Amino acid sequence: MSETKTERGNWNSKLGFVLAAAGSAVGLGNIWGFPTQVADNGGASFILIYVICCLIVGLPVMIAEFAIGRHTRRNPVGAFKKLGNGWFPPLIGLWGVMCGVMILSFYLVIAGWTVGYIFEEIFYYLGIVAASEWVSDLENGIKNAFFAILFMIATVGIITGGVSNGIERATKTLMPILILVLIIMIGYVFTLQGSMEGLRMYLLPDLTAINTDLVFSALGQAFFSLSLGMGALLTYGSYLKKNQNIVESATYVTIADMGIAFLAGLLIIPAMFVAQHAGITIMDEDGNLFASTTLVFDVLPNLFKSMGGFFGLIFGSSFFILLSMAALTSTISLLEVPVSYIIDEHKIARKKAAMIVGGLVLAISLIISFNIGLIDLLATIFNNVGLPLGGLMLSLFLAWFWKTENAIEEIRSGYENLDHGYFQNVWTLFIKYICPVLIALVLITTLYNLVS
Ligand code: TRP
């Protein structure tokens with residue numbers, strides 16, 4: 001109806017859309033998750049498999065999300081309702097909305113940690129020991145809650161501004177700064193002793209390290225990092241104009257996401273070895289590199305401290321500002337999914353919708369703030385199972401109910417040369433067979449590992 005047309009926003013420019021979608025994709029998953037997985041899985045071989053997963057599963061599914069979104073101009077629930085009959089299709093969307101709410105609730109706490117560490121660097125430099133210990137205590141519930149609230153206020157503030165004035169404008173400013181800071185930091189780390197050893201581990205693949213576990217971790221990481229499987233990019237696609245080339249945009253977003261993950265690894269893996277050189281422990285007793293929270297909130301801050309003085313402050317705080325910015329463009333997209341659902345389906349104004357959903361998610365975040373052990377559990381359920389399950393349902397639904405011919409019709413708009421290449425055949429093959437089979441394999445293995 002024309003009423004929903006006027007209510008829904010649009011991206012202002014083609015680049016704006018690509019940057020917003022890339023902003024959603026680039027987050028803690030790239031700057032923290034990817035290097036951690038590389039460290040965990042034997043270095044460069046992980047990168048190789050990761051790139052393949054992004055290209056053969058991530059990219060086709062992303063094109064599918066954009067196409068469904070633009071065709072229906074709805075949130076995930078409304079989109080599947082519009083394309084299919086019966087009670088089941090909307091459930092696919094509802095599953096996505098729920099994954100969004102739950103992922104955001106713990107993502108917010110981790111994002112809060114990154115903001116806390118900006119202050120940790122400052123307090124440390126100023127010699128205010130008590131304060132620097134307070135902000136760096138990951139288990140302090142009050143402190144966690146404080147920063148989660150702060151982060152939610154920023155997210156809701158931007159979402160309230162709407163699609164082009166809020167989301168597009170924020171990501172357009174944040175993304176270039178992020179890339180610039182990252183590159184400057186890499187340049188500096190390369191001048192330090194020890195970095196070359198890290199670089200070798202990062203770039204020279206040990207092909208014997210490749211096994212099924214590694215492949216499945218890589219595919220899971222690709223889903224999370226590319227923001228797939230819960231309708232976030234479907235929602236962003238619903239604000240897309242008909243003259244924009246979906247395939248080209250999806251390719252840019254995938255390349256940007258892979259590129260920034262690669263750069264983050266180029267910073268962090270060498271930085272770990274620089275830290276080792278400075279006498280900081282970077283491995284456990286079994287000789288495995290520290291990963292996850294220990295890496296980002298322990299090894300790296302110690303490295304910044306070892307640099308000493310004003311320089312350590314600048315370097316350390318830049319790193320955590322970088323992480324916070326990346327997290328912010330991601331929390332925006334996570335919140336936009338349930339918000340757009342309420343706007344479309346329950347006809348509630350954007351500002352009110354953002355406050356309601358933001359408040360609800362924050363309530364869950366506050367519980368998590370005091371029980372951070374929940375993060376692992378929630379990440380397992382919603383990242384490792386929820387997203388692939390959503391992606392699987394989305395691909396199967398598109399391929400076998402909506403039909404690839406209809407999707408291709410949608411993709412044709414904005415893509416003039418579609419009929420002159422192999423795109424149709426290749427994409428159809430992937431979305432119908434290859435993606436569902438690979439995703440299903442990952443899901444089955446993940447579930448099997450969980451119960452056994
Ligand atoms: N991709 C983001 C990251 O790498 C996280 C994220 C934002 C996300 N929106 C999403 C993940 C939607 C899955 C679905 O940190």
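Visitor: Which residues of helix α2 are buried?

Guide: In this predicted model, the buried residues of α2 are Gly 16, Phe 17, Val 18, Leu 19, Ala 20, Ala 21, Ala 22, Gly 23, Ser 24 and Ala 25.

Visitor: Why is α2 called largely enclosed by the rest of the structure?

Guide: Ten of its twelve residues are buried, so the helix is described as largely enclosed.

Visitor: How do you know that the length of α2 agrees with its number of residues?

Guide: Helix α2 covers residues 14-25, and at 1.5 Å a residue its twelve residues should span 16 Å. The C-alpha atoms at its ends are 17 Å apart, which agrees with that expectation.

Visitor: How many aromatic pairs does the structure hold?

Guide: The structure holds 31 aromatic pairs.

Visitor: What makes the pair of Trp 11 and Phe 17 tilted?

Guide: The ring centres are 5.8 Å apart, and a pair requires centres within 6.5 Å. The planes of Trp 11 and Phe 17 meet at 55°, whereas stacked requires under 30 degrees and edge-to-face over 60. The pair is therefore tilted. Both Trp 11 and Phe 17 are buried.

Visitor: What makes the pair of Phe 423 and Trp 427 stacked?

Guide: The centres of these two rings are 6.0 Å apart and the angle between their planes is 15°. Since stacked applies to planes under 30 degrees apart, the pair of Phe 423 and Trp 427 is stacked.

Visitor: Where do Phe 423 and Trp 427 lie?

Guide: Both are in helix α18, which covers residues 423-451, and they are four residues apart, about one turn of the helix. An α-helix has 3.6 residues a turn, so residues three or four places apart point the same way.

Visitor: Why are Phe 423 and Trp 427 called buried?

Guide: The label requires a relative accessible area under 20%. Phe 423 has 13%, so it counts as buried, and Trp 427, at 3%, is buried too.

Visitor: Which residues does Phe 423 touch beyond its neighbours in sequence?

Guide: Leaving out residues up to four places away in sequence, Phe 423 touches Ile 63, Val 247, Ile 408, Ile 411, Tyr 415 and Leu 418.

Visitor: Which residues have the most contacts inside the largest nonpolar core?

Guide: They are Phe 319 and Trp 427, in a core of 162 residues. Beyond four places in sequence, Phe 319 is in contact with Ile 31, Met 185, Leu 267, Ile 268, Val 296, Leu 300 and Phe 304. Phe 319 also belongs to one aromatic cluster, whose members include Trp 32, Trp 113, Tyr 117, Tyr 188 and Phe 304.

Visitor: What makes Lys 305 a charge over the ring of Tyr 124?

Guide: Lys 305 lies over the face of Tyr 124, at 4.8 Å from the ring centre, and the cut-off for that distance is 6 Å. Lys 432 likewise lies over the face of Trp 400, at 5.2 Å from the ring centre.

Visitor: Is Asn 75 buried or exposed?

Guide: Asn 75 has a relative accessible area of 0%, so it is buried.

Visitor: What makes the approach of Asn 75 to Glu 345 a polar contact?

Guide: Their side chains are joined at 2.9 Å, and the limit for such a contact is 3.5 Å. The side chain of Asn 75 also reaches the backbone nitrogen of Val 77 at 2.9 Å. Among the residues in contact with Asn 75 beyond four places in sequence are Arg 8, Leu 234 and Tyr 341.

Visitor: Why is Arg 73 called partly exposed?

Guide: Its relative accessibility is 22%, and the label applies between 20% and 50%; therefore Arg 73 counts as partly exposed. Arg 73 is in the loop between α4 and α5 and has a positive phi of about 50° although it is not a glycine.

Visitor: Why does Ser 227 count as buried?

Guide: Ser 227 has 12% relative accessibility, which is under the 20% limit, so the label buried applies. The phi of Ser 227 is near 65°, a positive value in a residue other than glycine. Ser 227 is placed in the loop between α11 and α12.

How values were computed: Residues numbered from 1 in each chain as written. Predicted model: local features only at pLDDT ≥ 70, side-chain atom pairs only at ≥ 80, totals over all residues. Heavy atoms only, no water. Core = buried A, V, L, I, M, F, W, Y, C linked by side-chain atoms within 4.5 Å. Buried < 20%, exposed > 50% of the residue type's maximum accessible area, 1.4 Å probe, protein only. Contact = heavy atoms within 4.5 Å. Helix = DSSP H or I, 4+ residues; strand = E, 2+ residues; numbered from the N terminus. Lys NZ or Arg CZ within 6 Å of the ring centre and 35° of its normal. Expected span 1.5 Å × (residues − 1). Polar contact = N/O pair within 3.5 Å; in protein donor to acceptor, adjacent residues only side chain to side chain.
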